[in-house]
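Hi,

Here is the structure I promised to pass on. Have a look at it first, and my notes on the helix packing and the cores follow below.

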Amino acid sequence: MVGFSSFSRMNALIVEDQAFIRTVVSRILKQLEFNQIFEADEGTGGLTLALERKPDVIICDIEMAPMDGLTFLQQLRQKEELGRRTPVIFLTNHAQKDMVLKARDLGVNAFIAKPVTVVGLREKLAVLLSTRR
């Protein structure tokens, strides 16, 4: 964690349809001392929250209905203000090559496998957010 001290001024958005996983990720973010944590149980609500709240990072499931993570990311990138690209981390159970490539094309920043761990998420967040102040 070179040159990166704290997430205490940062806000995060969790977009995940499974309440248990949302709770786990939220607890990890609280443990990492995030300032505010917003939650949505699917992509449509997540998109509205992302555009309203402008979080510093979004942690999003790929497989959700009615709007999945790939559609969420595509619409987010289309609607974000010019020059703003919110870092997005996809939660995934499996890494299908075609899905990974599509997500990269749409502008995902990172992937993290379920089950999410404190160490794994902290490392991804530190890398992604160290350039954002």
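This is a predicted model: local features need pLDDT of at least 70, side-chain atom pairs count only at pLDDT 80 or more; totals for chains, interfaces and linings use all residues.

Helix α1 covers residues 19-31 and helix α5 residues 118-129, and the two pack at an angle of about 65° with their axes 10 Å apart. On the α1 side the contact is made by Val25, Ile28, Leu29 and Gln31, and on the α5 side by Val118, Leu121 and Leu125. Sorted by class, that makes six nonpolar residues, one polar and no charged.

The other pair is α3 and α4. Here the crossing is left-handed, the angle is about 15° and the axes are 9 Å apart. With an angle under 35 degrees, α3 and α4 therefore count as roughly parallel to each other. Leu70, Leu73, Gln74 and Arg77 of α3 meet Met99, Lys102, Ala103 and Leu106 of α4. This contact of α3 with α4 has five nonpolar residues, one polar and two charged.

Now the cores. The largest nonpolar core has 24 residues, and Val15, Ile58, Cys60, Phe72, Val88 and Phe90 have the most contacts inside it. At least two residues of this core come from each of β1 (11-15), β2 (36-40), α2 (43-53), β3 (57-61), α3 (69-79), β4 (88-92) and α4 (97-106). Another core, of 21 residues, lies apart from it, and Ala12, Val57, Val116 and Leu128 are among its members.

Cheers

Key:
Residues are numbered from 1 along each chain as its sequence is written. Side-chain values use heavy atoms; hydrogens and water are left out. A nonpolar core is a set of buried Ala, Val, Leu, Ile, Met, Phe, Trp, Tyr and Cys residues joined through side-chain atoms within 4.5 Å. Buried means under 20% relative accessible area, exposed over 50%, partly exposed in between (1.4 Å probe, protein chains only). Helices (H or I, at least four residues) and strands (E, at least two) are DSSP runs, numbered from the N terminus. Axes are lines fitted to C-alpha atoms, for helices over the stretch in contact, and angles run from 0 to 180 degrees between N-to-C directions. Angles under 35 degrees count as roughly parallel, over 145 as roughly antiparallel, 65 to 115 as roughly perpendicular and the rest as oblique. A crossing is left-handed if the near helix is turned anticlockwise from the far one by less than a right angle, and right-handed if clockwise. Contact means heavy atoms within 4.5 Å. Ala, Val, Leu, Ile, Met, Phe, Trp, Tyr, Cys and Pro count as nonpolar, Asp, Glu, Lys and Arg as charged, and the others, Gly among them, as polar.
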